[in-house]
Amino acid sequence: MRITSISSTASATVMIADFVNVDAVGKVNIIGGGIQPLGLNPVTGLTASFSVFVNVTVSIPLFSDSAAAVEMVLVNTDGQPVTVAGPERQGIMRFTQDLDFRFSGEPNIQQPPLGFPGSSNMVLNFSGGLPLNAGETYEWDVLLDQRRLSSITFFVAGAETQ
């Protein structure tokens, strides 16, 4: 992962919601935002469907430094990355996306000056839920250049075992 000069000016907002999408012009639509406990289906062993929304804002010092890789990692209470079973093998819940923070206006429209905050959005939709353990607390960490920008903690609620 390359280190960028924008990471020192970066900040992030992260939210868990029932559903999130970003339309073609960058507007964010959030339904049921701000949830922290996720239900667990005891039959399937999967959480309720949910989405994770991240907005990263940076000050763009140079035009050549307008993009960076943002990483989201699901960790347990010990800070260790969470591994979940997949169709072919187990894998760490880690997602990386290259984000471009430049203003994306129409041609012939005045661009903001360098140093003006640029922002970009990242959305993870888990429409089928995730196979997480009931009674456990988890955290989504948002990283830029391996520097933690933000995080959100959530709890997986399920039926108590006797």
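Guide: Begin with the rule for pairing: two strands pair if DSSP finds at least two bridges between them. In this predicted model, strand E6 (residues 50–59) and E11 run antiparallel and are joined by 10 bridges.

Visitor: To which sheet do E6 and E11 belong, and in what order do its strands lie?

Guide: They belong to an open sheet of 3 strands, ordered E1-E6-E11, with antiparallel pairing. Strand E1 (11–17) and strand E11 (117–126) are the edge strands, for each pairs on one side only. From one strand to the next, the twist averages 15 degrees.

Visitor: Is strand E12 enclosed or open to the outside?

Guide: A residue counts as buried when its relative accessible area is under 20%. In strand E12 (residues 137–144), 7 of the 8 residues are buried, so the strand is largely enclosed by the rest of the structure.

Visitor: Which strands pair with E12?

Guide: Strand E7 (residues 67–75) pairs with E12 in the antiparallel sense over 6 bridges; there, Val73 has Asp141 as its bridge partner. E12 and E13 form a hairpin with 2 residues between them, and Asp145 in the turn has a positive phi of about 55 degrees.

Visitor: How many aromatic pairs are there, and which residues form a cluster?

Guide: Aromatic rings pair if their centres lie within 6.5 Å. The structure holds 6 aromatic pairs. One aromatic cluster is formed by Phe50, Phe95, Phe126, Tyr138, Trp140 and Phe154.

Technical notes. Residues are numbered from 1 along each chain as its sequence is written. This is a predicted model: local features need pLDDT of at least 70, side-chain atom pairs count only at pLDDT 80 or more; totals for chains, interfaces and linings use all residues. Side-chain values use heavy atoms; hydrogens and water are left out. Helices (H or I, at least four residues) and strands (E, at least two) are DSSP runs, numbered from the N terminus. Axes are lines fitted to C-alpha atoms, for helices over the stretch in contact, and angles run from 0 to 180 degrees between N-to-C directions. Rings of Phe, Tyr and Trp (its six-membered ring) pair if their centres lie within 6.5 Å; planes under 30 degrees apart count as stacked, over 60 as edge-to-face and the rest as tilted. Buried means under 20% relative accessible area, exposed over 50%, partly exposed in between (1.4 Å probe, protein chains only).
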